[in-house]
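Dear colleague,

I am handing over the structure we spoke about, and below it you will find what turned up when I went through it. Please read the notes with the model open beside you.

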Amino acid sequence: MLLLTLLSSSVALGQRPINLPGNEQSIAFMADDKDDLMVLLRTLREQEYSRAKNPNAPAPLDMWPYAVGALNRAIALSDYHGLSKQMLNGALGYALFMEGRFTEAAVADRKALTYGGSPSVSYNLVLTDIKVASLDGARTDLQQGIQLGGKPSVDLTPLSGLIDNAAAAAKLSAHAADLHSQTDCGGSAADYVAAAKLQPDNGRLFANAGLCMLERSDYDLAVKYFNLAVQRSSPLDPLPHIGLAETECHRKRWDNADGEYALAIDTDPTSLQARISHAECLKRKGDWTEQEAVLKDMLKIAPDNPEVLNGYGYELILHGERLPEALSMIQRAVTASPTNGSYLDSLAWAQFKMGQLAEAMQSIQAASHDTPKNPTILEHYGDIALANHDSASASAAWSALLKISTDPEQKARVQKKLGALGSARAAK
């Protein structure tokens, strides 16, 4: 078989290596050579047929970045050595699929099908639909693939079972999310794992189970699920590495956490989620210098993102640095999302720290209205109310906090504030 030839140490006459691991020659693969492109197309088709028999089989060659570029260059020409547009677009769809670029893969597959029926392209299109959770689209594309037919023939009937499994997994996943919202992390994780058994190539399901176990401080099980997610997720999805990083952060294994964050950012260089998580980890570590470096990086990537603006501004306030700049950042976040309780709380705290007590009271009241049971907001409410000589409101806010807070340090701090308030009242 051609695949075995490619994996052997020798290369057939007229063929250049196709991105075999560690082979630097592969960088120049298929610039404009028909023989090379034919090797690529035949190899892609070989892999397509293997996956048609086993959709969860891993790709035997890591050649996708160069395959995508080569195929796009060939498709851009009006005629590439007589090779059909259907073959080129179908191969591009498969290569994009293997790279984790599912939306683009669907576009290429649909383009290929405009040139006629192709069971192998239809097969890959249905798998792409499943990946993007378009199950109605998957059913439609399956029926069209069966009706269109074409050659060479591929058995499309197993796809019906895959679609049914994906639908059942989606229901379990929705139930898991509902249980998580009710703080039932154990039940949520169990449903995510059950969903993953139905859809074993959906690494996100394992990642979500890992996040549930992380919340329960079951670090060993969290790592197990995150490692499964790494194996089965899209190569463009940083979430499994973020989960592993957060687990290492909770264990205070700082170097390991930094390594996983680096992998997450390598996976998706534009990921704000990875950087937000990294900044929180560095805060836990107490490394403000590195934390601010990550925050600055986030601001460069997304200068108008309200979450980034609020997060950076609030940290500056907490460290007592560049308060006018911090206030400006938070105000921009509030302008973008004027009813967000977290942003309003940050605004109130910035105004409080800058001596704008009346404005701070107005902002913290708005924050409390949006998020009435947030311990941080309640603590800030008490501090700001007391500064505005409203000891009754301060006492009410702090007492409410003690009923819901799960942070021992915060509860001890607030109990001390209430004690001091009671002593001050008694002294009058």
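The side chains of Arg322 and Glu292 meet in a salt bridge, with 3.1 Å from N to O, in what is a predicted model. This pair links distant parts of the chain, since Arg322 sits in the loop between α16 (306–318) and α17 (323–336) while Glu292 belongs to helix α15 (residues 288–301), 30 residues apart. Arg322 counts as partly exposed because its relative accessibility is 36%, whereas Glu292, at 11%, counts as buried.

A search of the whole structure finds 18 salt bridges, and among them is the one between Glu379 and Lys417, whose closest N and O atoms are 2.8 Å apart. Here too distant parts of the chain are linked, with Glu379 in helix α20 (residues 375–387) and Lys417 in helix α22, 38 residues apart; Glu379 is buried, having a relative accessible area of 7%.

Ser405 lies in the loop between α21 (391–404) and α22 (408–427), and with 7% relative accessibility Ser405 counts as buried. The side chain of Ser405 makes a polar contact of 2.7 Å with the side chain of Gln410, and a polar atom of the Ser405 side chain lies 3.2 Å from the backbone nitrogen of Asp407.

Finally, the axes of helix α6 (residues 119–131) and helix α8 (residues 158–181) come within 10 Å and cross at roughly 5°, so α6 is roughly parallel to α8. By class, their contact has 8 nonpolar, no polar and no charged residues.

Best regards

Notes
Residues are numbered from 1 along each chain as its sequence is written. This is a predicted model: local features need pLDDT of at least 70, side-chain atom pairs count only at pLDDT 80 or more; totals for chains, interfaces and linings use all residues. Side-chain values use heavy atoms; hydrogens and water are left out. Axes are lines fitted to C-alpha atoms, for helices over the stretch in contact, and angles run from 0 to 180 degrees between N-to-C directions. Helices (H or I, at least four residues) and strands (E, at least two) are DSSP runs, numbered from the N terminus. Angles under 35 degrees count as roughly parallel, over 145 as roughly antiparallel, 65 to 115 as roughly perpendicular and the rest as oblique. Ala, Val, Leu, Ile, Met, Phe, Trp, Tyr, Cys and Pro count as nonpolar, Asp, Glu, Lys and Arg as charged, and the others, Gly among them, as polar. Buried means under 20% relative accessible area, exposed over 50%, partly exposed in between (1.4 Å probe, protein chains only). A polar contact is a pair of N or O atoms within 3.5 Å; within protein, one must be able to donate a hydrogen and the other to accept it, and residues adjacent in sequence count only if both atoms are side-chain atoms. A salt bridge is a side-chain nitrogen of Lys or Arg within 4 Å of a carboxyl oxygen of Asp or Glu.
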